[in-house]
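Dear colleague,

Please find below the structure that I am handing over to you. My notes on it follow directly after.

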Amino acid sequence: MRKPWNTVATSGIMASAMALAACSSEPALDAVQTGDGTDTVELAEFPDRPYWGDTHLHTDNSVDAFGFGTRLGPEAALRFARGEEVTATTGAQAQLARPLDFLVIADHSDALGATRRLYDTPRWYVNWVIGDETVLRWYDMMHESPEQSQRAIAELVTAAGAGTAPESLSDPEAAEEGTRDIWNAQLGLLDRYNEPGTFSALAGFEWTRMPGGNNLHRVVMFRDGSDRTSQTIPFPGLSSTAEQLWDYMSNYSDATGGQVLAIPHNSNLSNGMMFEMTMPDGSPMTAEYAAKRAAAEPVVEVTQIKGDSETHPFLSPNDEMAGFGVGGWELGNLTLSQKTEPEMLAGSYARSALLRGLSLEQQLGVNPYSFGMIGATDSHTSLATGDEDNFWGKHTGNEPANEERALTEQNMGTRIGRFSWHYLAGGYAAAWARGNTRAEIFDAFARREVYATTGPRMSVRIFGGFDFTAEDWDNDWVRAGYTRGVPMGGELADEGTAPTFLVSALKDPDGANLDRVQIVKGWVDGSGETQERIYDVVWSDMDTRARIGGRVPAVGDTVNRADATYTNSIGAAELRTTWSDPDYVSGQSAFYYVRVLEIPTPRWPLFDAVRFGIELSEEAQADAVAQERAYTSPIWLKPAG
């Protein structure tokens, strides 16, 4: 009997790799690179700066990324994130204006590296040893053109999901062996590029479950080096449940002593399934299930290339800034196989989930949705770009080589109207840490001292307490925040007086000025109903921008649409304030998070229109300028006792 291709081919590849390793002169890695590096880096007393990174990047080891045409692997992704120049799949030179501080390569766990391995297998082997006509046809399509490659991968994925994949591609033992080989090779790269104090390369993968096309995906992120992570392999998502994923994570920690967490993303494409009020089967949620979820998933990815999941205008009609990154993505679920109905939205957006968490906590004694917030790219190009003027796309068809990528007439079949100018360029995650090590970055996520931006690297901080005053700014206000209060992600026990917050925002040093800082409050009122309110707590030019009808006037707009430029002649470089909740009610369960808005700036479609001399549609032109933003993790106010 002929062996499945991924067993035999992998064995040959590994034999070659072992031979090369035997004669390699590359020095062996030490514990600094393979471990967390904490003992080798001088750590600050308190988290002293935000470290910037991407926790959701795909390389050619992801089936879909490879099908889209990506031919850059994990090493190119690491080099690019560290600030090196690389050659993109479409041939252009790509480089970040500023390096990142950390990276998680999150390739899909299902069929990890399978399409890359099939592509690299000699044709004679596919023809004579595998001997499967369907596999050979897919192989030829993958080598013919990017369009044909995408069709081949779509057929392959559909067949795998339906259980009709050729026998040569569906052997579970061979699949596990192939996954382990790819995983261990990637772990070795991560250790080699991990440099405590300079760059943290963290292990991870994407768990990809989408029943009926409803997105329930999570990124799984490890704290540990290869001494622990090599004892596991990525957990498949298409055939498992979230609870089984959490069990896998718990088993990993029990077996290795390591730590791992999961990060849900694109809840906006879940049709209400990501943040349900019930168990997955529709029965009442249990306290055990709620606690399990809260422990496994301390952070949610709230903004990325496939839309923004903070809130929706339907859910927050009194929030004039609620429409960012929503257009096109609310039409349906991930595959557009099911339309999104208005009643689904509350289970799809982060703010409503935070409110639901307060309500469930009153019923169960546990809050399943007490999560922090981050941004990520979800780029499938191996290039972790989040800047509007340096946008390298979601996939190779969206790289700058496609001069019509911002047009609605893009060749995406039934997906026209969502997958062109609707893509967001961001975002990124910011982690407040004492130093740049795997352990410090991971621990910031675990304690929720992280925040999301849609791309800009603005520095945002919030502390909550009960005795902060304006005089704290004249002293060591950061020490005051940590010693007399809690940072973002923390919890306050109600003391019978209104909580007070120290809020600080500094512009991206290479970016736009700030328009305003807002605090978003959510709470459960006396009748048990959830409520929300947006407070403008500090804004630029407060002396001349007095409220009108209770609202702060628009900051203005300096964008020149003809050349995609703007000026910092409006807005402020820094905004900070001491704010006390004017609507505090004793015994009320509540959360508070900060939203920071920049002045209007050009989006990537406008940069493309100028660069390539193309004319955007009226709809695209209307969305060609935006106010980029940041969302902090909340601070929760809990009733005493």
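**Backbone geometry in the loops**

Leu-336 is partly exposed, because its relative accessible area is 32%. The model is a predicted one. Leu-336 belongs to the loop that runs between β10 (307-308) and α13 (350-364). Although Leu-336 is not a glycine, its phi is positive, at about 60°. Most residues other than glycine have a negative phi, and most peptide bonds are trans.

A positive phi is also found at Arg-448, which is likewise a residue other than glycine; the value there is near 70°. Arg-448 sits in the loop between α14 (438-446) and β13 (450-453). With a relative accessibility of 12%, Arg-448 counts as buried, because the limit for that class is under 20%.

The peptide bond that joins Gly-426 and Gly-427 is cis, with omega at about 10°. Gly-427 is placed in the loop between β11 (372-375) and β12 (428-433).

How do α6 and α7 pack against each other, and at what angle? Helix α6 (residues 123-130) and helix α7 (residues 133-144) meet at an angle of about 170°, and their axes are 9 Å apart. Angles over 145 degrees count as roughly antiparallel, and α6 and α7 are therefore roughly antiparallel to each other. On the α6 side the contact is formed by Arg-123, Val-126 and Asn-127, and on the α7 side by Val-135, Leu-136, Tyr-139 and Asp-140. By type, the residues of this contact comprise four nonpolar, one polar and two charged.

Asp-140, in helix α7, is partly exposed, with a relative accessible area of 29%. Asp-140 and Tyr-119 are 21 residues apart along the chain, and their C-alpha atoms are separated by 8.9 Å.

Pro-122 is located in the loop between α5 (114-120) and α6. Its relative accessibility is 39%, so Pro-122 counts as partly exposed.

Thr-115 is part of helix α5. At 2% relative accessibility, Thr-115 counts as buried. Neighbours within four places in sequence aside, Thr-115 is in contact with Ser-62, Val-63, Phe-66, Met-142, Ile-153 and Leu-156.

Is Arg-218 buried or exposed? Arg-218 lies in strand β7 (residues 218-222), and its relative accessibility of 3% means that it counts as buried. The side chain of Arg-218 makes a polar contact, at 2.7 Å, with the side chain of Glu-297.

**Nonpolar cores**

Which members of the largest nonpolar core touch the most other members? This core has 103 residues, and the members in question are Leu-78, Phe-222, Leu-245, Phe-371, Val-517 and Val-596. Not counting residues up to four places away in sequence, Val-517 touches Val-503, Ala-505, Tyr-535, Asp-536, Val-537, Val-538, Leu-575, Val-594, Arg-595 and Val-596. Another core, of 22 residues, lies apart from the largest one; Phe-419, Val-559, Ile-614 and Leu-616 are among its members.

With kind regards

Methods
Residues numbered from 1 in each chain as written. Predicted model: local features only at pLDDT ≥ 70, side-chain atom pairs only at ≥ 80, totals over all residues. Heavy atoms only, no water. Axes fitted to C-alpha atoms, helices over the stretch in contact; angles between N-to-C directions. Helix = DSSP H or I, 4+ residues; strand = E, 2+ residues; numbered from the N terminus. Parallel < 35°, antiparallel > 145°, perpendicular 65-115°, else oblique. Contact = heavy atoms within 4.5 Å. Nonpolar A, V, L, I, M, F, W, Y, C, P; charged D, E, K, R; others polar. Buried < 20%, exposed > 50% of the residue type's maximum accessible area, 1.4 Å probe, protein only. Polar contact = N/O pair within 3.5 Å; in protein donor to acceptor, adjacent residues only side chain to side chain. Core = buried A, V, L, I, M, F, W, Y, C linked by side-chain atoms within 4.5 Å.
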